[in-house]
Each structure stands twice: as C-alpha cells, then as structure tokens.
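Thanks for coming. I will go through one structure, chain by chain and then across the contact between them.

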Amino acid sequence: MKKSLSMLLIGMLLVVAVMVSGCADSKTEASGTEEIRTDELIAAVGTHGGEPESGFNPITGWGYNHEPLIQSTLFNRNNNAAFVGDLATEHSASEDGYTWTVTIRNDVKFHDGESLTAEDVAFTFNTAANAGGSVDLSMLEKATTIDDDTIKFELNDNQATFINKLAVIGIVPEHAYNEDYGQSPIGSGPYEFVQWDKGQQVILEANPDYYGDEPYFKKLTIVFMEADTAFAAAKSGQIDLAEIPSSYASQKVDGMKVVSLDSIDARGISFPIQPETGEKSEDGYPIGNDVTSDIAIRKALNIGIDRQKLVDAALNGQGEEEFTGVDKLPWGNKDAIFEDGNIDEAKKILNDAGWKDTDGDGIVEKNEVKAEFTLLYAASAQERQALAVSISEESKKIGINIIPEGASWDKIDTLALSTPVVFGYGSLDPTDLYLKYYSKSYDPSSYNNIIKYSNPTVDSHLRAAITNPDQNAANKDWQLAAWDGDTGFSSKGDATWMWMATVDYLYIMDEKIDIGTPKIQPHGADIFGNILEWELKGN
Amino acid sequence: MTTAVVNANRELFKGINLRQKTIMLISCLSLLLIAIVVSSAFIDENALSTDFESKNLAPSLEHPFGTDWMGRDMFVRTLGGLGLSIIIGALASSISTIISVFLGLLSSIGKIEDSIVSWLVDLFLSIPHLLLIILISIGFGGGATGVIIGVALSHWTSLTRVVRAEVKQIKTQEYIHISQKFGKSKWWIAKNHIFPHLLPQFVLGTIVMFPHAILHEASVTFLGFGLSPHEPAIGIILSESMKYLSAGYWWLAFFPGLSLLIVILVFDLIGENLGKMLDPKKAHE
C-alpha cells in the first residue's frame, strides 16, 4: 500500500516536472530555429499510415494513396488530379477495354545503377496482384512485356478505371526483390533509402541520378511520433515539420506557421441496410441491423443533422460539410446535395414511417423497437471520437439515440456488418464508389459494400461508369449512381451512408519552408506529393 | 500522518476522547466518499455533454477544473470518473473478500485443501498483476464489465494468505483443542471460535484493498483497456490529458490526478484509523 502511494506521488511529481520543463522549453526554443539548416528536412507526418508495418514495399501497400518517394510510378497526378506520365510515355487501351499497352521511358536507373525495364514493371504488377495487398488488383489477369520499353496488361474485366492502379503502385526491381525488400528498398524515385531505425525514423537522401526535377531538400528524415510529441518537438525546434491534430489549430509558436490543407478525406457513418435475421458471415459475425435497415431512420439522420455544426464543433472548423463522400471530385453529384439541419422534416419522416415516442423518453419507437443504435469509432482517432460524440448529441433532437463506442479495429471488424461505424474514405480513384455501393462488391473479408447494399438501378449506373473509357461520360455515370432523379445511393435516394464532413490536415512548420501548390490530399494526406517543388525561402 | 491530523485536532475538540475523535474522522471521510459516489450517480447527462464554444478553458469559478478539448466540464468528468472508480473498488474489494474468506476457511479443513489454496495463490501471484487484470478483462469480453471482473478476481490473494495464516494460528490455541475434546463439530468451532477472530481482518482487508483496486482500475483504463475514450474514467481522463501537456493545458492532468490522490489517501486514513479501533493490540495507541 505504502509503496503504491509513493509511486503515485512520484508520478504526480513527474507530471509537474514535465509541465514545468515544457514551459521552460518554449522560452529557449527561439534560438533552436535560428540555426541555418539548408537542405535537410526533419518531419513527423503520417497520423494515418505512420510507420509502415511491412516496410517500404509498394507490393504490400507502401505509397498507395500517397507519394512513395523511394519508388516511381507509371503515372502521377498533377495538382488537378489529372494523370501525367511519370515512367510512362504513352498508353493505350484496346477497343474492348480488356488489353492495355503502356510504353515507358528507357533512361531510368534504379538506385543500385541497374536499368529499369518493362520486365520490372510486369514483375511488380504480377507480384502485387498475387500478393493481394491493400491495392485491389482483382481485375488484372496478367502483365507481360512486348519489348524492353512496352508492357501489356491483360484484364479479366474491362474496367476503364484501371489507369488509377498504374498511378499508385511503385515499381520495384525484379533483380533485388525478395521478402525483405521493404526493410531496405531500392527504387527509382527522387529519394534513395539510407536507413530505417524501426519505431524511430527513416532517413532518405536525394537520388543524384533522378530523371525528374532535382529536389531542394537533399536529406529527408521522417520521424515516427505521436501527434502531441511531434508538436512538442516542433516547438522546441527539433523538427521542421509536424502533423498536428485539429485541436492544436490555435497554437502559436515563434518562427513556425500552421498550414491547413483541404482534403477529399470524408468521414461518414455506414448504415447496415439489411435487417437482423440471425444471418452470420463466414467468420461468424452477425449481419444486419433492425434500426438502420429502416430507410426513415437513415433519411431522418441525413436531413436532420446540421453538418456545418459538426464541422465547427467536432473538427474545430477544420473541415467542410460533405454529403455524398465524393462531393469535391469530378464524379461527385451536385444534385445530391441538399439543405440539412432540418429537424422538423426529419421528425416528419420518422412520424410518417410509424416511429413515435410512446413512452415519453424523447426517443421514438416502432413496433417495440427503439430508435437506438451503437456507433463504433476507432478509439485511436480523435476526430472520429469527436464526430461520434457530437452526432450522438445532435441526433437526440430528432428522437434517435446513438450510443458512441470507441473500439480497436480488431473489434470493429467483428461488428461492422451489423453496427454503424465511423469510416474515413478519400480516394482519387472512383473505383472506391464501385467497391462501396456495387451489390456484388460485398466481401465480408474487406470493407467493400460493408452495408450489404443492393439496388439494381445503382448497379447498372456503376457498371456503366466503371467500363466507360471516356472519362467525362464516366463521371456522368458515377453521378447518376448517387442520384438519377429517381433513386441512388445518396441521401436523396436510399440514404445508404451518412456522410458528415471532409477533414483538413494540419501541419506546423518552419515559416521559411515553401511547400508550393500542394496536391489534392486523399485519405491519410499526401503532403510530400509535391516534395520536388518544396524549398526554403530566404536562403 | 494520522498523528499529525489528530494533534491538530486536539485543540479543537478538547472535550472528546481519542476514540470519539477517530470515529468522527472516519465518519467525515466516509461521508466525503459517499458524497462523491452519490453525486456521480446523479450527474445530469447535459452536464457531461460537449460544448464546443467553451473548450480548453482554464479553471474558473464556472468550471473549477477547467474544460477539455470537447468543452466538457472537467469537474463533472472527474467526479464521474471517481464515482466509477469507487464503485469498481467497492465491487472488487467485496468480491475479493468473499473469495478470500471462502478460500481461507477452505484451507483450514485439511492438508489437500490447504495445498490447493496455496497453489492457487501462488499461481495468481506469479503473473504480473496488471497483466492478469488485462487478461481477465479481455477474457470476459472487455468493456466496463470486463474491467470490474478483472479487478475483482485478482485482488484476493494477499487477504487469502493473511486469513490462512490467522486460521492456522488460531487452530493451535488450547481452547480450540478443548472445544474439540468436548465434541463440538468442526463447523461449530469455525463459526463460534475462528470466525469472530477473523472479522476485523475482513473489514480491514476490504478497506485496505479499496485503494489498490482503484489504482489498478485507473491504470488499466489509462492504458486504454476496457472503456471507450469518451467515457469518464479517471485513467482515461489522465491518459487523454497527457496529449495536451505540450499545449500547456496543465489543468487537464493536475486536478483529476490530485483528486485521485486525495481519494486514495482518504481510504488509507480510514483504513488506518479503523485498524486502531478494531485491532485490540493497537487500540491504545
């Protein structure tokens, strides 16, 4: 007893000591940033991806959704998300859309001096397809080489969105690839891998033989830290750039600026569409939810909740309201956006559908079923917690009781088929919509069509969109899937999800760093997407 | 510490004897704890709700403990967390006492029973305590129930040892032998000769176990097991506050930590004073 008491006292003292030293730090920090660092950048970024578990291996998911730095991809996206060739110089698809041919430049060398050839590209895609990593390559039959500079991709489904896959997978060298590739990767990208201290940092240096623009920062050190530690490190001048949570938005540090980047990274709630029938998935997890399977509940929430209020409150104003999950993208349907925060309309929808408050507790009921459900959020994600708690408070105003519950992803995986979850999605690849709403995409081993949605009209729009080689026409089809005037997956139609907001990504950085025009930020952000444009001003 | 308190009080309560003072001290402290539990049970849901207009406010008259990143009043949250902690502590220590009484008496029956009990105690002591709590709470499906069961099922070992030793000692007493010679049954002896001697041990053991259980509940929730991060539990409040130390929001850690410390000290004081009253050997101190 005595021992634990003294332990507690010591703990308290330590806390006080840390606080005092924290205050002291802020006074001396000014001298830290005065140092002239010319071409070295130390950054703590990546709250989403963080340190890649399986190393810097594109086959297992490194660089998916963000610039892989070490490797190069066939295509890049410019600031408007349009495709530009990186390794690729030309590409074409066959009439039927089942065969793609890509020509690559022939002057590219890996960091070890070997040339990058079509063999390496074919090897990368065949290996990635077999590995079943985080990039869905199920449509790829096989990749073969025609000559040293030309690759042929044979597909088993004429998906015109295949080009997106070519832009996310970094090319690995066939001669230097093995299971441990991710531990000491060799690529052809702007930065060369130097050293990885697991749990601490990865050091990259500029590739002198890089075929593209030369980066200003010759040495890039990415440290792995929790957001609050990163902030403290930035404050004390130990690092130049740190990703910070939105609750730190109002913090001021001398010699540093806070940069907020818009993103397309949307947060939404999945509503299981099927009623609870006792049906179980292959793994034995229950499917369906008796409350969210009623369209009136889903519509009432979508119409009754004031999204702007959620953004202002839960996200500290660091975000924008979101209605379809893809509002800001070319395939987002502007007609599916509506006036929200209409509590009277929401109550009317519930009332018309037979949901009435019979026991006077402020929560409506229908046939003995209470309008009440658990909302799961990843316990580690602060903005999801804030959104879940806020929406739970807001939903009481329309008579629906949402019980937020924080859990690990392992636990969420067992419940996601039967319980609404706060998810985050934001991809520049419209295939995301196909995986989310196409009825046959349902696959309990992934999050694809996790709500088990099935609407034949939406299916046909999605199918038309994914197979349409004309980008603009395809965008029109994607939009029709959200709302075609009659039905759709958006709130105006079946109200399958409750999209709430896109989140901004916040960074605190040395005020001399000029990050140019950042690219569109997807899920998990991609601040290094335009690293080649970065420089230090005043040097 | 107690003597200091008692000395300070000497001037104030001249006409009261030491025993009465101790009783007064115990009842005052108990009242404080009961007040915490009762008020935490009656916390209005609105008082715990978020108010993003007033987030990260430093302590003031309106918010004596300040507010957190979602604008929740930290005083109410701390109260809720302490209430939960005390309830978990109460459940855990009463369940543990029942288990130790049962096992302690079981070990007095015979040699085999005794070795089974010692083996069980050794088994539970050989696993690090915190790890054991986490294992049990995950085994029981996690959540608040998991934490309660985990804390409850892991604190009986030391009290069991004490009870076992006490029983062994009492059994060697002459009046027990005489009683046996007179033909009294084992049950009668246990009920009339052994149990009354054990009673102070149980009462004291329960109260001394309280702070242990509370600290363990706080550490488990601090590590992120059991409860959701938006629920008020003292460990969750403290672990969340760590994130804001670098932002300078000291009140998030200071007041909840101090409150926890005070609650623990109060239990310790109650235990110590109660010990003086119940234990004949210490009664005249």
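Chain B has 285 residues, and 39% of them count as buried. Keep in mind that this is a predicted model. The C-alpha trace of chain B spans about 80 × 55 × 30 Å along its principal axes. Of the contacts in chain B with a separation of 6 or more, 66% are between residues 24 or more positions apart.

Now one helix pair in that chain. Two packed helices are described by the angle between their axes and the distance between the axes. For helix H4 (residues 74-107) and helix H8 (residues 157-171) of chain B, the axes come within 8 Å and cross at roughly 35 degrees. The crossing of H4(B) past H8(B) is right-handed. On the H4(B) side, the residues that meet H8(B) are Ser96(B), Thr97(B), Ser100(B), Val101(B), Leu103(B), Gly104(B), Leu105(B) and Ser107(B). They meet Leu159(B), Thr160(B), Val163(B), Arg164(B) and Val167(B) in H8(B). By class, this contact has six nonpolar, six polar and one charged residues.

Next, the contact between chains. Here 27 residues of chain A are in contact with 24 residues of chain B. On the chain A side, helix H1 (2-34), helix H4 (227-235), helix H6 (307-314), helix H8 (382-395) and strand E18 (401-407) each supply at least two residues. H1(A) gives the most, with eight residues. The chain A side divides into 15 nonpolar, seven polar and five charged residues.

One of those elements, H8(A), has 14 residues and reaches 20 Å from its first C-alpha to its last, close to the 20 Å expected at 1.5 Å a residue. How many of its 14 residues are buried? The count is 12, so H8(A) is largely enclosed by the rest of the structure. Among the buried ones are Gln382(A), Glu383(A), Arg384(A), Leu387(A), Val389(A), Ile391(A) and Glu394(A).

Last, the core. In soluble globular proteins, nonpolar side chains tend to be buried together. The largest nonpolar core in this model has 201 residues. Which residues have the most contacts inside it? They are Ala242(A), Ala300(A) and Ala481(A). Helix H10 (residues 186-222) of chain B gives the most to this core, with 11 residues. Leaving out residues up to four places away in sequence, Ala481(A) touches Leu433(A), Tyr437(A), Val458(A), His461(A), Leu462(A), Ala465(A), Gly488(A) and Phe489(A).

Definitions and conventions: Residues are numbered from 1 along each chain as its sequence is written. Chains are lettered from A and ligands numbered from 1 in the order in which they are written. This is a predicted model: local features need pLDDT of at least 70, side-chain atom pairs count only at pLDDT 80 or more; totals for chains, interfaces and linings use all residues. Two residues are in contact if their C-beta atoms, placed from the backbone, lie within 7 Å. Helices (H or I, at least four residues) and strands (E, at least two) are DSSP runs, numbered from the N terminus. Ala, Val, Leu, Ile, Met, Phe, Trp, Tyr, Cys and Pro count as nonpolar, Asp, Glu, Lys and Arg as charged, and the others, Gly among them, as polar. The expected span of a helix is 1.5 Å times one less than its number of residues. A residue is buried if 20 or more other C-beta atoms lie within 10 Å of its own, exposed if 12 or fewer, and partly exposed in between; C-beta atoms are placed from the backbone. A nonpolar core is a set of buried Ala, Val, Leu, Ile, Met, Phe, Trp, Tyr and Cys residues joined through C-beta atoms within 7 Å. Axes are lines fitted to C-alpha atoms, for helices over the stretch in contact, and angles run from 0 to 180 degrees between N-to-C directions. A crossing is left-handed if the near helix is turned anticlockwise from the far one by less than a right angle, and right-handed if clockwise.
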